[in-house]
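Here are some notes for a colleague who is opening this model for the first time. Please read them with the structure at hand.

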Amino acid sequence: MAKPSGPTLAALGFASLYPAYPEFHEQTVENGLLVRLDDGGMDAGAQSALTETPSPSAGGLAMRTCPTILKTELLAESGYFQIEALHLQFSNGQQRVYERLRGTGYRSVMLVAMPDPEHVLLVREYAVGVEAKVLGLPKGGAEPDEDYLQAAQRELIEEVGLRAERLTELGELTLAPGHLCHRYRVVLAEQLSPCYLPGDEPEPLDLIRLPLAQIPELVARGELHEARAIAALFMALGALARRG
């Protein structure tokens, strides 16, 4: 069987995040599917999976229909969140009740700020959810009159004291989508220069300039464990790799 022609995960930046797993270098993304390339080829089941027609609605991945929402109940509400119970019926007739945490229309951005092609800026700030100082990326909410790039520029100035001449929106990510409705946009910030505006942080954030090559080590040691930040860095590495 001929090898697929899609880009390898190494070319997309995945190998630089996980250098200890060389087998990822021999995997290829083809038509939205991950293909393992080896001398033995693929078994019949794997090969048939590759020949199925992808569903355009899932970006190339086959997808079952969503369940029908029979009823939605509001269980509790605060100034920031709503807890809802959704009564669902799946395509096979099974019914379940799922609970979710819905926000109040809050839009947010996360920034991969690069002072040069080899380094990224991380921040360390207090996270009340885990009651600890957490290493991550600059982030914040968009004001009602801002688009995502405007919000990213403002948050970069307020949190880091820098502005970007080049801002690139990399895409949208969800956070724990089985329970939360929250989505956020990832923005790559480049060509940075000093700029300052007072922000709304209760205390100054610790700012760390880190070589990109050290990110895998931080993840392996558990020092960088904020899943949103790791996913955003992955997206940025992919975008940079596609530029060549």
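Is Ala176 buried, partly exposed or exposed? Ala176 counts as partly exposed, at 40% relative accessibility, where buried means under 20% relative accessible area, exposed over 50%, and partly exposed in between, with a 1.4 Å probe and protein chains only.

1. The model is predicted, so that local features need pLDDT of at least 70, side-chain atom pairs count only at pLDDT 80 or more, and totals for chains, interfaces and linings use all residues. Residues are numbered from 1 along each chain as its sequence is written, and side-chain values use heavy atoms, with hydrogens and water left out.

2. An open sheet is formed by three strands in the order β3-β4-β5, with antiparallel pairing; strands are DSSP runs of E with at least two residues, numbered from the N terminus, and two of them pair if DSSP finds at least two bridges between them. The edge strands, each pairing on one side only, are β3 (68-77) and β5 (95-102).

3. Between β3 and β4 (residues 82-89), which run antiparallel, there are eight bridges, and Lys71 has His87 in β4 as its bridge partner.

4. Most residues other than glycine have a negative phi. Ala176, which is not a glycine, has a positive phi of about 45°, and Ala176 sits in the loop between β10 (162-174) and β11 (183-194).

5. Glu131 likewise has a positive phi, near 55°, and is placed in the loop between β7 (119-127) and β8 (132-136). Glu131 is exposed, with a relative accessible area of 62%.

Methods: Helices (H or I, at least four residues) and strands (E, at least two) are DSSP runs, numbered from the N terminus.
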